[in-house]
Amino acid sequence: HSEHLYEHLQDLLEWKNLTLTGVYGAEPVTMDELKAWMDNYCEKIKPFICDTGVYLRKAQAEGKKILFEAQLGALRDLDYGIYPYTTSSNAIAAYAPVGSGLPTAKIDEVIGVVKAYTTRVGSGPFPTELFDETGDLIRSEGHEFGTVTGRPRRTGWFDAVLVRQAIKVNGVQGLAVMKLDVLDKLDELKICVGYEHKGKKLDTYPMALNAQAEVTPVYETLPGWKTSTFGIREFDRLPENAKKYIRRLEELLDAPVDVVSTSPEREDVIIIRDPY
């Protein structure tokens, strides 16, 4: 509906240009430039535009399998996340059918995707954050920089308390542990198994924001494997200490690890149990 769209954009353009010129010192954008850009790109995506709710309901009626993919982490969920560092909607698995316009969809399996360590983007409490050479190494080896901004991500040891909470609120039945190879060079690995707060031991993440910032992580230390796991596609070929690390995560999280990735390439994965 190009006529309606251009009319809408014309209304927006004036105050957007005020921001561009007044705040950023950039050149203003003209309506002709905007139209040219849209005429180019809109034609390319036009064949894929549809009422996605109708599309999915048709697929459901035909008995097709549907895969929902979360765009944000569970702890960004408005209700179950670390408020106020949340998004404006619900990011947990149970809301996928509602958000997609398919409220009667039955979720057969929930796969939790986690890194072999912990990262965070933006501000907010991060109990296991590392500010030393180890944190820098994880960031460098894991290419933990913003895709668009290039901003360094915050890195830390694996926080089993937070991941366990994410597993429970999502109903996760199996885990995919990503980037195991990033830890190859470390002499030892730490896993956060609980917190301490004002003399009390906690095995869940506190709800109060001040307490979240005040907790001290309780660590369990495991030996590193100090050899490359890059590109390994069979669990039995992993170093013994890497296997022990994965198995210990399973015990702490009370969930099986079904998939392990060992490089950025999508083919370099170990399938322990095929979730599909």
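Is Asp-136 buried, partly exposed or exposed? At 43% relative accessibility, Asp-136 falls in the partly exposed class, where buried denotes under 20% relative accessible area, exposed over 50%, and partly exposed the range in between (1.4 Å probe, protein chains only). The model is predicted, so that local features require pLDDT of at least 70 and side-chain atom pairs count only at pLDDT 80 or more, whereas totals for chains, interfaces and linings use all residues. Residues are numbered from 1 along each chain as its sequence is written, and side-chain values use heavy atoms, with hydrogens and water left out.

The protein chain comprises eight helices and 10 strands; helices (H or I, at least four residues) and strands (E, at least two) are DSSP runs numbered from the N terminus. Along the principal axes, the C-alpha atoms fill a box of roughly 65 × 50 × 40 Å. Of the 276 residues of the protein chain, 39% count as buried.

The structure holds 18 salt bridges, each defined as a side-chain nitrogen of Lys or Arg within 4 Å of a carboxyl oxygen of Asp or Glu. One of these joins Asp-136 to Arg-139, with an N to O distance of 2.9 Å. The two residues are three apart in helix H5 (residues 133-141), and Asp-136 and Arg-139 are therefore separated by about one helical turn. In contrast to the partly exposed Asp-136, Arg-139 is buried, with a relative accessible area of 15%. Elsewhere, salt bridges with shared partners link Lys-115, Glu-144, Arg-153 and Lys-179 into one network.

A further salt bridge pairs Glu-109 with Arg-273, whose closest N and O atoms are 2.5 Å apart. Glu-109 lies in the loop between helix H4 (96-99) and strand E1 (111-115), and Arg-273 in the segment after strand E10 (269-271), so the pair ties together parts that are 164 residues apart in sequence. Both partners are partly exposed: Glu-109 has a relative accessible area of 28% and Arg-273 one of 35%. The side chains of Lys-106 and Asp-108 also meet in a salt bridge (3.1 Å, N to O), and Lys-106 and Asp-108 are each exposed.

The second largest pocket contains about 310 Å³ of space. Pockets were identified on a 1 Å grid over the protein atoms alone, a pocket being an open set of points where a 1.4 Å probe fits, with protein on both sides within 12 Å along at least five of seven lines; lining residues have an atom within 4 Å of a point. Grid points are joined across faces, edges and corners, and the volume is the space filled by probe spheres set on the points. The lining of this pocket consists of His-1, Ser-2, Leu-5, Tyr-6, Met-38, Asp-39, Cys-42, Glu-43, Ile-45, Lys-46 and Ile-49. Helix H1 (2-22) and H2 each supply at least two residues of the lining, and H2 gives the most, with five residues. By class, six lining residues are nonpolar, two polar and three charged; Ala, Val, Leu, Ile, Met, Phe, Trp, Tyr, Cys and Pro count as nonpolar, Asp, Glu, Lys and Arg as charged, and the others, Gly among them, as polar.

Phe-48 is located in the loop between helix H2 (31-45) and helix H3 (52-61) and is exposed, at a relative accessible area of 68%.

The loop between H3 and H4 contains Glu-69 as well as Pro-84. Glu-69 is exposed, at 75% relative accessibility, and its C-alpha atom is 14 Å from that of Leu-175, a residue 106 positions away in sequence. The peptide bond from Tyr-83 to Pro-84 is cis, with omega near 5°.

Positive phi angles occur at two lysines. Lys-179 has a phi of about 65° although it is not a glycine; Lys-179 is placed in the loop between strand E5 (174-178) and strand E6 (188-197) and is partly exposed, with a relative accessible area of 23%. Lys-226, likewise not a glycine, has a positive phi of about 50° and is found in the loop between strand E8 (216-223) and helix H8 (240-253).
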